[in-house]
Amino acid sequence: MLSNNKDIEESNFIDSLIGKMTIREKLGQMYQICIEANNENVAFNLEDDRSLVKKGFAGSVINLVDRNLIQEYQKIAVEESRLGIPLIFARDIIHGFNLIFPIPLAQAASWNLELAEKAAAITAKEATICGIRWTFSPMIDVSRNPKWGRVAEGYGEDAFLVSSFAQAVIRGYQGENLSDPSSLAACSKHFVGYSATEDGRDYNVTPIPPRELNDVYLPPFLSSVKAGVATIMAGFNDLDGIPMSGNKELLKKLLRDEWNFDGVVVSDFNSITEMIFQGFCQDGKEAALKSIESEIDIEMVSLNYMNFIEKLIEEGYIDTELVNKCVRRILNLKHKLGLFKNPYSNNNFTEINSDFDNNVALELAEQSLILLKNNASFLPLKDDVQKITVIGPLADSKIDQMGCWSMDGDIDRVVTFYESIKSYCLEQNIELYYDSILPDCRVSFETIDDVTVEHIRRSDVVIVVVGEDSLMNGEKHCRAYLSLPLGQSKMLEKIAEINKNVVTVVYAGRPLIIKDILSNSTSVLYAWHPGSMGGKAVTNILFGKSSPSGRLPISFPRAEGQIPIYYSHKNYGRPPLERPISVNDGDFHNSIGWTSEYLDINHKPLFPFGYGMSYTKFEYSEIKLNKIILDIDDSLEVYINVKNVGSVDSYEVIQVYITDVVGSVTRPQKELKAFEKVFIKQEEIVQLKFSIPVKSFKFTDINGDFVVEPGQFKVWVGSNSEECLNMEFYVK
Ligand code: BGC
């Protein structure tokens with residue numbers, strides 16, 4: 001509905017433009033052309049891309065990042081094409097443009113929405129200067145399988161945490177108003193269920209039960225629609241037999257008709273054509289039909305719309321009005337971005353590369369680091385440390401510190417861990433020795449030379465930086481084995497034989513299987529791929545400039561065989577026994593009962609969702625509720641006291657879960673419903689209040705309705721999904 005004069009004016013403008021367009025020009029708007037940085041039109045279209053733009057046969061461009069070329073192409077569109085419709089330039093800007101922030105999974109580990117929002121706003125400012133106005137981010141696929149390489153690109157295993165980050169990041173990219181020249185249109189992807197890829201192998205099938213789809217995979221998308229996301233991308237995945245690029249039920253009936261999403265929906269890269277290979281469409285014509293009927297507005301790169309829609313209209317399969325509808329949404333996006341008035345790049349150069357930006361990157365990296373082991377409070381390193389040895393293929397690798405999808409990252413802005421600790425040691429007069437031993441993560445270990453052995457022996461602490469390189473994560477980079485790649489584990493073992501004071505820093509884009517790291521290290525800091533300022537962040541944490549405050553956004557398995565493992569699992573008819581983890585993983589223990597267990601490993605994760613240590617301790621007490629019996633329209637108010645009982649000031653992440661004890665269908669053991677990250681000084685007690693609408697307990701019941709069922713509930717408050725205080729309450 002049009003609410004004011006501005007809306008009416010805008011709509012008239014767009015309608016009159018559509019009135020002037022030929023069908024080819026309309027299809028042009030629906031075609032996204034890929035022009036790589038080398039200015040070559042990638043595959044699929046043999047015609048010169050400049051002449052396509054001039055004819056009005058391309059509406060948006062993916063992958064062009066050179067500012068001058070962007071200006072040049074825009075000039076052709078605006079000044080030389082018949083109707084002068086501006087292009088939108090799009091790019092996968094996933095966790096920073098030139099300044100790289102921690103990978104999204106690491107950002108989720110910070111549990112700090114404010115910082116993630118600021119990072120997205122800085123990203124938007126940098127990208128728009130280049131002329132890019134559309135990013136294919138955030139990826140809000142709930143990810144429960146660390147074998148899948150794209151787990152790095154999302155915000156972890158929990159629908160509520162993912163939804164919260166989705167909203168924050170969208171706010172950051174899009175700002176108050178899309179027409180601000182420094183705002184980027186966001187794109188929530190991949191609608192929907194792409195992360196449930198069988199076996200964790202990319203582009204595999206995703207058979208998701210309908211209730212799980214509703215309660216786990218769809219909520220982040222609904223949250224992003226509520227946050228006003230400008231665009232949504234349909235996934236590559238075959239969802240229970242229906243590829244998402246032609247899934248009318250979800251794209252048209254749910255997203256458009258029920259959720260009223262009137263932004264742009266874009267296909268994934270070549271995904272419309274891939275429906276032919278998936279055996280869902282006979283040919284490009286059928287693929288185009290299924291996609292447009294699903295109201296996908298833009299086809300990314302492949303040419304089925306361009307080649308077949310006109311024919312589909314002529315043959316009466318579709319009405320021109322359906323095309324107009326898609327074009328209207330695309331022009332509307334261009335209008336909202338202010339491109340008709342100001343098609344060229346943001347000129348606000350003065351605002352980039354500031355101390356403010358670097359500090360946000362530093363703080364976000366610092367808050368995303370997770371301390372997983374710290375024997376005898378070995379960390380933070382004490383003032384009496386006089387000699388340090390730094391080892392490892394990732395200690396001084398700028399590219400690998402940035403992580404996957406950082407192709408526009410400015411390498412000169414990256415401060416590696418080694419560079420950072422070197423200047424710290426110089427300042428503090430600490431002797432430092434460095435040897436990567438392994439040149440990269442993909443080689444076998446042979447030996448440590450005598451000089452290095454001697455340095456390791458004489459050091460007060462040996463810091464070993466190991467893990468995955470950037471290209472071990474991201475799209476298509478899936479792994480069946482999740483241990484430390486190749487020679488790194490042996491190298492670590494050897495180092496630990498020489499000196500017991502090993503601090504291991506893990507750079508990785510996913511939870512790895514880290515038992516051997518734990519057994520060969522005194523302390524372990526999980527650093528993910530922490531981005532441009534990550535090296536400094538690690539140094540700050542190791543030397544106690546701040547206390548670690550990252551918490552796991554995804555459970556850590558003990559072995560690949562436990563995957564998928566996630567905290568919000570259903571209850572069991574024969575629950576695993578709560579017994580001490582006494583048997584070594586891989587050894588057989590006697591099966592005690594007829595319970596849901598493995599013979600050769602404990603059923604519990606190595607570290608649960610929400611877990612992370614700090615340099616202090618927190619005590620939770622006095623959980624209270626506003627009411628014990630609530631109505632559907634009430635909010636559950638939860639009060640808790642948290643005391644910092646150690647001697648270091650620190651952030652703590654207070655997490656609130658609920659359990660719906662009995663349902664018309666079985667319910668998860670726990671579900672995260674609220675959290676807050678709070679800075680608590682030593683000895684300080686803070687009282688926190690969480691207000692959680694009862695309506696947020698809705699789920700898909702036995703009839704397929706989304707409801708809250710009356711009955712008994714539990715609320716849990718604590719520092720991770722396993723260590724919580726709890727109370728009961730009832731919903732009438
Ligand atoms: C990925 C998308 C990405 C697109 C454009 C695809 O292969 O699945 O996430 O946005 O390429 O680069």
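Mentor: Start with strands: a strand is a DSSP run of E with at least two residues, numbered from the N terminus. By that rule, His190 has its place in strand 5, residues 187-191. Keep in mind that this is a predicted model.

Trainee: How many helices and strands does the protein chain have?

Mentor: It has 21 helices and 26 strands.

Trainee: How do you know whether the radius of gyration of the protein chain agrees with a compact globule?

Mentor: Set the value against the rule. The rule is 2.2 Å times the number of residues to the power 0.38. For 732 residues, that puts a compact globule near 27 Å. The protein chain has 27 Å, so the two agree. Along its principal axes, the C-alpha trace spans about 75 × 65 × 45 Å.

Trainee: What share of the residues is buried?

Mentor: Buried residues make up 61% of the 732. The cut-off is under 20% relative accessible area.

Trainee: Why is Ile437 called buried?

Mentor: Its relative accessibility is 18%. Buried means under 20%, so Ile437 counts as buried. Ile437 sits in the loop between strand 13 (431-435) and helix 18 (450-458). Its phi is positive, about 60°, although Ile437 is not a glycine.

Trainee: Is Asn260 buried or exposed?

Mentor: Asn260 has a relative accessible area of 57%. Exposed means over 50%, so Asn260 is exposed. Asn260 is in the loop between helix 10 (248-258) and strand 9 (264-266). Its phi is near 55°, a positive value in a residue other than glycine.

Trainee: What makes helix 15 largely enclosed by the rest of the structure?

Mentor: Count its buried residues. They are 10 of the 14, so helix 15 is largely enclosed. Among them are Asp357, Val360, Leu362 and Gln367.

Trainee: How do you know whether the span of helix 15 agrees with its number of residues?

Mentor: Helix 15 covers residues 355-368. At 1.5 Å a residue, its 14 residues should span 20 Å. The end C-alpha atoms are 20 Å apart, so the span agrees.

Technical notes:
Residues numbered from 1 in each chain as written. Predicted model: local features only at pLDDT ≥ 70, side-chain atom pairs only at ≥ 80, totals over all residues. Heavy atoms only, no water. Helix = DSSP H or I, 4+ residues; strand = E, 2+ residues; numbered from the N terminus. Buried < 20%, exposed > 50% of the residue type's maximum accessible area, 1.4 Å probe, protein only. Expected span 1.5 Å × (residues − 1).
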